[in-house]
Amino acid sequence: MVIPLTDLKAQYSSIKEEIDAAIQRVVQQGQFILGPEVKAFEEEMAAYCGTRFAVGVASGTDALHLALLAGGIKPGDEVITTPFTFIATAEAITQCNATPVFVDIDPRTYNLNPQQLEPKITPRTKAIIPVHLYGQPANMEPILEIGKKHNLKIIEDCAQSLGAEYQGKKAGSLGDAGCLSFFPAKNLGAYGDGGMVVTNDPGIAEVVDILRKHGTKTSYYHLLPGFNSRLDTIQAAILKVKLKHLDEWNELRRRRASLYTRLLSQIDGIEPPYVEEYSKPSVNYYTIRLKDSRLNRDELRKHLGAKGIQTTVYYPLSLHLQIVYKSLGYKPGDFPQSELAQEQVLSLPMYPELSQGQIEEVVSVISNYCSRERSRPVA
Ligand SMILES: *Cc1c(COP(=O)(O)O)cnc(C)c1O
């Protein structure tokens, strides 16, 4: 039995007619760049996230980049974030010619550890990007407090956390701006690239809107050095159909996650994801951790692969150790929790259509591997 990491075809089959009709509608109307479909989707997304504004852009990476620019980040500024995230989080900072400054993670949640923030703040620090990794919100209260105290913008990376809640509030609605990704494998995935900035700040919304269309409010009159970064109209029409199902899909993800966690808790050496009390996660990825030195993450991964079970590692190399950031001068040992996590985490198959039988199969293969390894005599 092959069990994929995610199954986009299963989702398409369940809503095929609605999706096909939406694509047809855009093609027949002939408006492919912005227009009423994008505007309607933006309005629905703002309502969904509980923000005043939502501006569709070309990707999650662009959402972060344009939100930082709109938040006033200038060359030479410093922006604090986590090293345990997808490269795009830090890339957006370097795209502004600003400097990423990393702080270590909380080992239980893999999210930025607020206790380590303040010593990293300098007169050049202008913003913090908390990432809600795997769909679990970062601990926002202390982050927002520190932001307020030092007058820093808080730009949430919500690429994996659309629909997740922190103390009953939607991820993305807590800071100055929330940045969403519609990359196909995210909770709300397009059939291509897409992204969005959600915000309560009319200034940020306006500047992102200007930046995404070549720095204009009115065509051919350019106010700012801009970009071509609009959310594609066909993608907006597709996403508008999918948004109606998002809460149901996220609820199914949470139920799949509870089943995994219940079964995996019985295996020694495997640590299922920890869920904070304040958190209602969107479970974009279901990520376990191997905590017994006799268990090897890459071996387990191979073992699962041989049985047709796809897994992956988000992320195998912390950003401070990436070649691209060599010039920042970090070295191994700088962020021990992030470096430990990169060796121990493993993301298992997770999508709303995943069946109980499939979950049981994944767990039984993990269980077999663990009992075999743990009973091996120590050499
Ligand atoms: C996917 C992702 C992004 C980037 O989104 P794209 O739409 O692929 O550009 C940014 N940050 C995180 C944490 C992500 O997972």
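Trainee: Let's start with Phe32: what does Phe32 count as, by its relative accessibility?

Mentor: Phe32 counts as partly exposed, because its relative accessibility is 39%. Keep in mind that this is a predicted model.

Trainee: Where is Phe32 found?

Mentor: In the loop between helix H1 (8-29) and H2.

Trainee: And which residues form a nonpolar patch on the surface with Phe32?

Mentor: Val27 and Ile33. Together the three residues have about 250 Å² of accessible area.

Trainee: OK, on to helix H2. How far apart are the end C-alpha atoms of H2?

Mentor: They're 20 Å apart. H2 covers residues 36-49, and at 1.5 Å a residue those 14 residues should span 20 Å, so the two values agree.

Trainee: Which residues of H2 are buried?

Mentor: Glu37, Val38, Phe41, Glu42, Met45, Ala46, Tyr48 and Cys49. Looking down the axis of H2, the buried residues fall within an arc of 165°, so they line one face of the helix.

Trainee: What's on the other side of H2?

Mentor: That's where the exposed Pro36, Lys39, Glu43 and Ala47 sit. Just after H2 comes Gly50, with a positive phi of about 75°.

Trainee: How about helix H5, which residues are buried there?

Mentor: H5 is residues 140-149, and Met140, Ile143, Ile146 and Gly147 are buried in it. Those residues cover an arc of only 130° around the axis, so they end up on the same side of H5. The face turned away from that buried side carries Glu145, Lys148 and Lys149, which are exposed.

Trainee: Switching to strands. How many of the residues of strand E8 are buried?

Mentor: Five of the five, residues 177-181, so E8 is largely enclosed by the rest of the structure. Both of its faces are covered: Ala177, Cys179 and Ser181 are buried on one side, and Gly178 and Leu180 on the other.

Trainee: Which way does E8 run against strand E5, parallel or antiparallel?

Mentor: Parallel, with three bridges joining E8 to E5 (residues 153-157). Ile155 stands opposite Ala177 in that pairing.

Trainee: And against strand E9, parallel or antiparallel?

Mentor: Antiparallel there, with four bridges between E8 and E9 (residues 195-199). Gly178 is opposite Val198 in E9.

Trainee: What holds strands like that together in general?

Mentor: Strands of a sheet pair through backbone hydrogen bonds, in either the parallel or the antiparallel sense.

Trainee: I also see E12, E14 and E15. In what order do they form a sheet?

Mentor: The order is E12-E14-E15, in an open sheet with antiparallel pairing. Strands E12 (270-271) and E15 (345-348) are the edge strands, each pairing on one side only.

Trainee: How many bridges does E14 have with E12?

Mentor: Two, with E14 being residues 286-290.

Trainee: Now the backbone. What are phi and peptide bonds mostly like?

Mentor: Most residues other than glycine have a negative phi, and most peptide bonds are trans.

Trainee: So what is the phi of Tyr110?

Mentor: Positive, about 70°, although Tyr110 is not a glycine. Tyr110 is in the loop between strand E3 (99-102) and E4, and it counts as buried because its relative accessibility is 4%.

Trainee: And what's phi for Gln167?

Mentor: Near 45°, again positive in a residue other than glycine. Gln167 lies in the loop between strand E6 (165-166) and strand E7 (169-170). Gln167 is partly exposed, with a relative accessible area of 47%.

Trainee: Last one: which peptide bond is cis?

Mentor: The one from Tyr314 to Tyr315, with omega near 10°. You'll find Tyr315 in the loop between helix H8 (297-306) and helix H9 (336-344).

Definitions and conventions: Residues are numbered from 1 along each chain as its sequence is written. This is a predicted model: local features need pLDDT of at least 70, side-chain atom pairs count only at pLDDT 80 or more; totals for chains, interfaces and linings use all residues. Side-chain values use heavy atoms; hydrogens and water are left out. The expected span of a helix is 1.5 Å times one less than its number of residues. Buried means under 20% relative accessible area, exposed over 50%, partly exposed in between (1.4 Å probe, protein chains only). The arc is that of the directions from the helix axis to the C-beta atoms. Patches are made of residues with over 30% relative accessible area and no salt bridge: like charges are joined within 9 Å, nonpolar side chains (Val, Leu, Ile, Met, Phe, Trp, Tyr) within 5 Å. Accessible areas come from the Shrake-Rupley method with a 1.4 Å probe; for residues, only the protein chains shown count as cover. A salt bridge is a side-chain nitrogen of Lys or Arg within 4 Å of a carboxyl oxygen of Asp or Glu. Two strands pair if DSSP finds at least two bridges between them.
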